[in-house]
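Me: Got a model open here and I'd like to walk through it with you. Can we take it bit by bit?

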Amino acid sequence: MKQNVGGRRRFAFSPPCAAAAFCVVFLVPRAWALSPAPESGACSLENATPATVALVDEDFDLLLDDGRRAALAGLEFPGPPAKDVRARRAAAHKRLSEWLTGKDIFLGAFAGAADRWGRFPARVFAASGAGAEAPLVSVGAALLEEGLARFRPDPPAAPCAQAYLTAEAPARDASRGLWADPEMRPIDAGAKESGAALLHRKGMAIVEGKIHGVGQSAGAIYLNFSKKRFDDFSVVISRRDLAILAASGIEPPKLIGRRARVRGLIETGFGPRMAISTPAEIEILDATP
């Protein structure tokens, strides 16, 4: 059975077991806290098309019944350096599989062509519970809100960056899910020995702290999170990316004295550094002075 939602045809979802009320709680334990997916905007149902999930593979890609493979762009599932990686990945995979396998979804492509692995980076929307009246919600936002994944600033997911960061915040602040693991939480750049710890960090790191100064070279600008430029953490911004950041209000000279949170890979050639190129990779944590 189908029904119209905001002028768009959507699928009515039937409960997968007899105890429908139990299934809603078990399958989507916190999705009710999310607002229904917006009908228009950069990270919305606009231009999303119906699809059916045949399988969620071990890498969390969605295999569709028409043969396409969709990737949940903007999400990082548990991996190194998380403790109990297998258990955490299994829990996230179980949640996603039970919610989506065999179900109808709405799929919004972030890119017109597949990536090198044959996947289409996508935003995905599904019913937040059993029954025809269950609203469609963002699957990515739901997983972030439940603490099953962290936001990863993939370039294709940039339109959803703010929505995903907003969804992630309650789980991060409450140390829910993977955020209960100290290895997955943001690293305080001002803490003792934080620089040495970052040199050994694998995978995406999230670092936050006060920007003490701004340096520059012929090709880059540096945000220094300490007065010890080559020993402690700094962020590198290529000059060719300055205009992109400035368009979102991120201007390095104006960040001195401000607190920021950045996420990305750590480079170790000249001390712990992180290169950023888009607004999705940096959050300013305090109000404008």
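Me: Where is the place of Pro81?
Reply: Pro81 sits in the loop between strand 6 (75–76) and helix 2. Keep in mind that this is a predicted model.

Me: And what kind of peptide bond joins Pro80 and Pro81?
Reply: A cis one, with omega at about 10°. For background, most peptide bonds are trans.

Me: OK, zooming out. How many helices and strands does the chain come to?
Reply: Six helices and 18 strands. The chain has 289 residues, and 48% of them count as buried. Of the contacts between residues at least 6 apart in sequence, 62% join residues at least 24 apart.

Me: Which cysteines form a disulfide?
Reply: Cys43 and Cys160, with their sulfur atoms 1.9 Å apart. The structure holds one disulfide.

Me: Which parts does the pair tie together?
Reply: Cys43 is in the loop between helix 1 (20–27) and strand 3, and Cys160 is in the loop between strand 10 and helix 4, so the bond ties together parts that are 117 residues apart in sequence.

Me: Is Cys160 buried or exposed?
Reply: Buried, because its relative accessibility is 0% and the cut-off for buried is under 20%. Cys43 also counts as buried, at 15%.

Me: What about the handedness of that disulfide, right-handed or left-handed?
Reply: The torsion about the S-S bond of Cys43 and Cys160 is about 95°, so the disulfide is right-handed.

Me: Let's move on to helix 4. How many residues does helix 4 have?
Reply: Helix 4 has 13, running over residues 161–173. From first C-alpha to last, helix 4 reaches 18 Å, close to the 18 Å expected at 1.5 Å a residue.

Me: Where does the kink in helix 4 lie?
Reply: At Ala167, shortly before the proline Pro170, and the kink is about 25°.

Me: Which residues of helix 4 are buried?
Reply: Ala161, Tyr164, Leu165, Ala167, Glu168, Ala169, Ala171 and Arg172. Their cover includes strand 8 (120–127), strand 9 (136–138), helix 3 (139–145), strand 10 (150–151), strand 16 (259–264) and strand 18 (282–284).

Me: Now aromatics. How many aromatic pairs does the structure hold?
Reply: Three. In one of them, the ring centres of Phe151 and Tyr164 are 6.2 Å apart and the planes are at 70°, so that pair is edge-to-face. This pair links distant parts of the chain, with Phe151 in strand 10 and Tyr164 in helix 4, 13 residues apart. Both Phe151 and Tyr164 are buried.

Me: Switching to packing. Which residues of the largest nonpolar core touch the most other members?
Reply: Leu62, Leu96, Leu100, Ile105 and Val139, out of 39 residues in that core. Elements that each supply at least two residues to this core include strand 3 (49–56), helix 2 (85–100), strand 7 (104–109) and helix 4. Helix 3 gives the most, with five residues.

Me: What does Leu96 touch, leaving out residues up to four places away in sequence?
Reply: Val56, Phe60, Leu62, Leu72, Thr101, Val139 and Leu143. There's also a second, separate core of 20 residues, and it includes Leu223, Phe233, Leu255 and Ala260.

Me: Last one. Where does Val236 lie?
Reply: In strand 15, residues 234–238. Val236 is buried, with a relative accessible area of 14%. Leaving out residues up to four places away in sequence, Val236 touches Ala220, Ile221, Tyr222, Arg273, Met274, Ala275 and Ile276.

Note on methods
Residues are numbered from 1 along each chain as its sequence is written. This is a predicted model: local features need pLDDT of at least 70, side-chain atom pairs count only at pLDDT 80 or more; totals for chains, interfaces and linings use all residues. Side-chain values use heavy atoms; hydrogens and water are left out. Helices (H or I, at least four residues) and strands (E, at least two) are DSSP runs, numbered from the N terminus. The expected span of a helix is 1.5 Å times one less than its number of residues. The bend at a residue is the angle between axes fitted to the seven residues ending there and the seven starting there. Buried means under 20% relative accessible area, exposed over 50%, partly exposed in between (1.4 Å probe, protein chains only). Contact means heavy atoms within 4.5 Å. Rings of Phe, Tyr and Trp (its six-membered ring) pair if their centres lie within 6.5 Å; planes under 30 degrees apart count as stacked, over 60 as edge-to-face and the rest as tilted. A nonpolar core is a set of buried Ala, Val, Leu, Ile, Met, Phe, Trp, Tyr and Cys residues joined through side-chain atoms within 4.5 Å. A disulfide is a pair of cysteine sulfur atoms within 2.5 Å.
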